[in-house]
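I opened my notebook today to look around one protein model, a few residues and a few elements at a time. Here is what I wrote down as I went.

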Amino acid sequence: MGYRIAVAGATGNVGREMLNILAERQFPADEVVALASRKSQGTEISYGDQTLKTRDLEQFDFTGFDMALFAIGSDATKIHAPRAAKAGCVVIDNSSLYRYDPDIPLIVPEVNPQAVHGYAKKNIIANPNCSTAQMVVALKPLHDRARIKRVVVSTYQSVSGAGKEGIDELWDQTKSIYNPTDDKPPVKFTKQIAFNVIPHIDVFLDSGETKEEWKMVAETKKIVDPKIKVTATCVRVPVFVGHSEAINIEFEDFLDEDEARDILREAPGLMVIDKREDGGYVTPIECVGDFATFISRIRQDPTVENGLNLWCVSDNLRKGAALNAVQIAELLGREVLKKA
């Protein structure tokens with residue numbers, strides 16, 4: 001017997017990617033149902049070589065379903081996730097709603113797979129923020145070897161992290177630059193995104209940091225180690241898909257860059273492309289559609305006692321969202337439900 005799976009938010013970027021990845025990875029599902037809002041009911045969605053018609057999330061009965069992958073935002077999740085969980089369906093939620101709940105595990109399978117056993121408290125598992133997910137995959141094997149004290153990260157986040165509206169705004173503004181009569185003022189973003197960078201993702205907090213930056217701090221502590229100090233600057237850049245991060249790491253113990261490179265090469269979920277020559281590194285456009293998180297530019301930081309710098313790139317719709325959710329589903333099936 002295989003699993004019965006529901007994907008909520010199936011018409012969005014992440015929901016569509018969830019369905020693609022379930023099919024690509026041949027997830028052992030006997031039934032997959034695509035759910036969306038009532039206005040999108042009946043929309044045809046691809047699932048491998050099948051075509052699914054979306055069903056109304058509000059009316060859907062989760063009884064008898066094993067898992068539900070949610071990609072619908074916090075407001076709708078607050079209504080429907082408890083309903084699914086109460087029906088005995090384990091929710092794997094991509095929104096930020098449950099990430100900081102101490103009774104709900106926040107999981108990146110390569111980093112803290114043991115946390116999956118905590119799902120039973122509320123029948124819900126949280127998927128981390130896209131920028132956090134790729135970073136902690138790189139941090140964990142280095143932390144195991146030399147204990148990380150502090151991380152300084154600057155992100156270069158693609159517009160797809162802001163959904164279809166972000167992608168459309170970059171596309172439309174880029175075209176309008178070459179057509180003076182076709183002005184496209186900012187709507188989704190606070191300033192022009194075409195040919196620009198914006199040091200502002202999510203809302204500002206009283207501390208001066210944005211919520212996106214706060215998420216990276218809080219989630220790294222919950223997933224990897226609460227003792228790690230993290231400071232982040234999150235920037236939106238005119239790239240369609242693929243988040244990049246410049247990460248500076250300070251360790252308790254000395255870690256040579258060559259040993260770090262070897263550790264990262266052996267770590268799950270990572271691909272090291274690090275040649276000190278023109279083009280010997282990975283950029284966002286090269287990571288699109290790939291499952292791996294790519295690491296480049298590994299080098300010693302001589303300004304602190306035990307420091308390293310590295311460059312981290314990943315497809316934010318995959319490892320940053322849909323892939324990680326499917327990997328959690330695989331982990332849950334393998335370690336707990338053991339149905340297929």
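**Entry 1: Asp 301**

I started with Asp 301, which sits in strand β13. The model is predicted, so I keep that in mind for every value below. Is Asp 301 buried or exposed? Its relative accessibility is 8%, and because buried means under 20%, Asp 301 counts as buried.

Next I looked up what touches Asp 301. Setting aside neighbours within four places in sequence, I found contacts with Asn 248, Gly 307, Leu 308 and Asn 309. I also checked Glu 257: Asp 301 and Glu 257 are 44 residues apart in sequence, and their C-alpha atoms are 9.4 Å apart in space.

**Entry 2: the sheet that holds β13**

I then followed β13 into its sheet. Six strands make an open sheet with mixed pairing, in the order β10-β9-β11-β14-β13-β12. Which are the edge strands? They are β10 (229-236) and β12 (270-272), each pairing on one side only. On average, neighbouring strands here are turned by 25° against each other, direction ignored.

I noted one partner: Val 272 is bridged to Ile 295 in β13. On this sheet I also found helix α5 (residues 211-223), which lies across β9 (148-157), β10 and β11 (243-251). The helix runs at about 145° to β10.

**Entry 3: a second sheet**

I went on to another open sheet, again of six strands, in the order β5-β2-β1-β6-β7-β8. The pairing in this one is parallel. Its edge strands are β5 (55-56) and β8 (124-126), and each pairs on one side only.

How many bridges join β1 to β2? I looked it up: six bridges link β1 (residues 3-8) with β2 (residues 29-36), and the two strands run parallel. Ala 8, for one, has Leu 35 in β2 as its bridge partner. Helix α1 packs on this sheet and touches β1, β2 and β6 (67-70). The direction of α1 makes about 155° with that of β1.

**Entry 4: the largest pocket**

The largest pocket holds about 1,600 Å³ of space. It is lined by 50 residues, and the closest to its centre are Gly 73, Gly 161, Ala 162, Gly 163 and Lys 188.

Which elements give two or more residues to this lining? I listed α1 (13-24), α2 (74-86), α4 (164-177), α5 and α8 (318-337). Helix α2 gives the most, with four residues. I also sorted the lining by class and got 14 nonpolar, 22 polar and 14 charged residues.

Most residues other than glycine have a negative phi. Arg 147 has a phi near 60°, a positive value. I found Arg 147 in the loop between α3 (130-146) and β9, and its 34% relative accessibility makes it partly exposed.

Asp 202 also has a positive phi, near 75°. Its place is in the loop between α4 and α5. With a relative accessible area of 32%, Asp 202 is partly exposed.

How values were computed:
Residues numbered from 1 in each chain as written. Predicted model: local features only at pLDDT ≥ 70, side-chain atom pairs only at ≥ 80, totals over all residues. Heavy atoms only, no water. Pairing = 2+ DSSP bridges. Axes fitted to C-alpha atoms, helices over the stretch in contact; angles between N-to-C directions. Contact = heavy atoms within 4.5 Å. 1 Å grid on protein atoms, 1.4 Å probe; cavity = no way out; pocket = protein on both sides within 12 Å on 5 of 7 lines; lining within 4 Å. Points joined across faces, edges and corners; volume = space filled by probe spheres on them. Nonpolar A, V, L, I, M, F, W, Y, C, P; charged D, E, K, R; others polar. Buried < 20%, exposed > 50% of the residue type's maximum accessible area, 1.4 Å probe, protein only.
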